[in-house]
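Please open the structure in your viewer and keep the selection tool handy. We will go from stop to stop, and at each one you get something to select and something to look for.

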Amino acid sequence: MGDTFATLPEFFETELTESLRSRTESLVSFRELGPPDLCHVLKSNGRKDLGSYHLVSGVDASSSATLATYITSLSYELEHSTAWIGSKSTFKLKGGVYCCFNAFSRVDLRVEVCIPGSVQAYTVNVRGERGEATPEIWQETYLSGVLRAILYADDPNYSLLGYRKIDPIPTPDHEVRFLMAAENLFFKGWQLGSEPEIQVATIVNNHLSVGIFKYFGELSRYEQAVNLFEKLWAREHEVAALVAKAYLGMNEEIKAVQIMHKSLQQNPHSYVVLHVETDFLRSKGQLIWAVELAKQAVCCAPSEFVTWAKLAECHIEAENWAEALLTLNSCPMFTYNEYDLHRIPPAARTHFPIPPLALQSKILDESQLGNIETDPALMRLPAPALRGTFACAYAILTKLVSKLGWDELLRYRSEVFVMEEEYRNQSTKPSSKSNNTTQHDTSSGTLDKSKEGHWLSFTDKRLCERWLDNLFMVLYEDLRIFTIWRAEQAHYDAQSLPYERPGSDWEILGELALRLHHPEEAHDAFVQCILTKNSPKAYTHLLEYFTKICNVEKALSMAMHLTAYNHRWYGDNVFPGTVGKHLFQLIKVEGLGKVSNTLVSMKPRPAMLRLMQWYFSYAQDFRLPGSQS
């Protein structure tokens with residue numbers, strides 16, 4: 001039509017600026033990092049005005065000039081689109097508004113551009129009032145945008161239609177700016193909120209510290225994190241936990257232990273430092289000490305889920321099965337809050353063009369969509385819907401059942417928790433004798449096995465929390481479906497017959513096997529999935545699998561499929577992202593030369609080779625481990 005962009009997604013408005021009004025109304029609902037940036041543009045052909053917008057992350061929001069440049073650059077997309085179909089440009093870019101949420105001050109920073117004409121920057125608060133964009137506001141907004149791009153780059157819960165992703169830190173110079181902003185605003189980081197498993201955000205447990213560790217940790221460049229945290233440690237002793245963690249990432253274990261020792265002498269009640277030390281002891285096989293430190297961390301922060309979860313994990317590794325169940329039952333659970341996303345009004349029409357490189361790569365077969373219906377029993381599995389603390393607790397429970405088996409888990413459950421039948425039987429007996437027995441047992445301080453063989457008497461048992469009872473039912477459903485699948489698979493294998501299922505079934509079965517800690521079965525399911533369906537989930541898990549076993553050729557094959565898929569849906573971010581993370585791990589182990597030569601030997605199409613070269617150029621520009629060999 002001549003009014004669309006050539007390679008960018010667009011939502012066309014029914015009423016002009018309705019997306020901006022909707023965003024303003026949603027500001028009051030944003031609790032943490034906020035939604036993706038919104039870029040609204042106004043197009044005109046002299047007779048008619050059109051409003052459209054798209055979501056974007058990674059744009060440099062450090063000044064009005066950088067945001068205005070992004071808006072004006074869209075005019076080339078529009079002119080290219082109309083010239084491509086051989087007609088004169090009828091629609092021109094008249095102006096635009098770029099919106100970026102400041103998660104520190106809870107305001108929306110907006111840059112309004114008129115073409116040709118002026119650039120105006122201002123803030124909008126939750127009441128819709130305009131304010132001045134000060135230098136402090138600009139720095140806060142810049143860091144908020146970078147953190148959103150880092151933390152949500154590969155989060156499946158943040159998968160949005162028409163969402164463009166570009167690199168938030170494309171060059172080493174941008175990294176220096178990020179580090180300066182992080183240092184200046186570090187002690188305001190608690191205002192951003194924290195992971196859903198953390199009840200109260202602190203100086204060291206918040207989205208800013210997590211974002212810094214994710215960025216430098218996945219690049220294996222902990223030196224920069226150490227330099228930043230050591231400066232901050234001089235101002236706040238709590239930061240010692242982050243310094244020690246970064247040193248452990250560098251394999252500087254002696255320095256890390258010295259820092260933890262010094263920190264615990266100053267503040268023995270820091271559960272964050274205790275957790276770093278606990279993980280270090282677990283890595284060394286010192287499980288008894290790890291359990292004791294985890295218990296101490298629980299005493300320091302009994303209202304935090306993570307302290308109880310860490311203790312339960314330590315008990316599992318130490319094979320203290322009953323204690324692990326009791327600890328898990330004691331975990332404080334929190335309500336999960338969804339991500340900050342503003343309500344987008346229904347679009348008059350949408351435009352999702354296929355970028356030229358994705359089209360030329362010929363690696364995306366969009367006909368492989370797996371139109372066969374998914375098995376309803378698989379669709380009804382409740383485990384994938386778990387979020388926050390409930391998802392973490394379920395992961396601990398599945399780890400326990402993978403070590404014990406279902407029957408043994410039920411036996412331990414009946415030993416430490418009051419069962420319904422046991423409760424009914426006990427309620428019919430006189431209470432006087434049991435009260436006397438209870439006083440005798442507790443005063444002696446010992447727990448003898450009863451005649452039935454239980455190591456806890458009825459009065460010493462706990463009531464199982466309702467949420468944990470529900471998780472047992474969720475686990476039962478997962479195990480039931482997994483057992484049926486493996487039995488069917490074995491039957492077909494015995495008959496030398498192919499076991500055929502739709503691609504979507506294999507995808508769900510693969511994720512089921514991963515939840516239950518069966519990586520080989522998950523690998524087989526995902527391999528079957530990609531034979532019948534173009535599944536980014538399956539490619540992601542297979543990329544992780546082949547990276548772990550250092551199968552360079554197969555890992556590159558998965559990476560190419562994912563890169564083509566991401567580029568098709570406007571994900572042009574090299575890092576952070578799933579593909580970059582695993583390719584850089586592969587480069588660290590095998591070296592850039594071997595990985596690059598292996599890719600060339602696979603003879604991909606020129607367009608695909610060009611897309612993959614972005615990762616190699618990034619590794620060289622940032623001097624990642626393995627890139628200089």
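This is a predicted model: local features need pLDDT of at least 70, side-chain atom pairs count only at pLDDT 80 or more; totals for chains, interfaces and linings use all residues.

Residues are numbered from 1 along each chain as its sequence is written, and side-chain values use heavy atoms, with hydrogens and water left out.

**Stop 1**

Select R106, in the loop between β4 (92–102) and β5. Helices (H or I, at least four residues) and strands (E, at least two) are DSSP runs, numbered from the N terminus. The phi of R106 is near 60 degrees, a positive value in a residue other than glycine. Next, go to P116, in the loop between β5 (107–114) and β6 (119–124). A cis peptide bond joins I115 to P116, with omega at about -15 degrees.

**Stop 2: I137**

Now pick I137, in helix α3 (residues 135–151). Is I137 buried or exposed? I137 counts as buried, at 12% relative accessibility. Buried means under 20% relative accessible area, exposed over 50%, and partly exposed in between (1.4 Å probe, protein chains only). Leaving aside neighbours within four places in sequence, I137 is in contact with N102, S105, V107, L109, T123 and E132; contact means heavy atoms within 4.5 Å.

**Stop 3: α4 and α5**

Two packed helices are described by the angle between their axes and the distance between the axes. Select residues 172–185 (α4) and 207–218 (α5), whose axes come within 11 Å and cross at roughly 155 degrees. Axes are lines fitted to C-alpha atoms, for helices over the stretch in contact, and angles run from 0 to 180 degrees between N-to-C directions. The pair is therefore roughly antiparallel; angles under 35 degrees count as roughly parallel, over 145 as roughly antiparallel, 65 to 115 as roughly perpendicular and the rest as oblique. Show the side chains of E175, F178, L179, A182 and L185 in α4, which meet L208, I212, Y215 and F216 in α5.

**Stop 4: α7**

Move on to residues 240–249, helix α7, where seven of the ten residues are buried, so the helix is largely enclosed by the rest of the structure. The buried residues are A240, A241, L242, V243, A244, A246 and Y247. They pack against α5, α6 (222–233), α8 (253–266) and α9 (271–283). Just after α7, N251 takes a positive phi of about 65 degrees.

**Stop 5: the cysteines**

How many disulfides does a search of the whole structure find? The search finds zero, a disulfide being a pair of cysteine sulfur atoms within 2.5 Å. Select C300: its sulfur is 6.8 Å from the closest cysteine sulfur, in C299, too far for a bond. C300 counts as partly exposed, at 25% relative accessibility.

**Stop 6: H517 and P576**

Finish with two loops. H517 sits between α20 (503–515) and α21 (519–532), and its phi is near 65 degrees, a positive value in a residue other than glycine. P576 is in the loop between α23 (552–568) and α24 (578–590), and a cis peptide bond joins F575 and P576, with omega at about 0 degrees.
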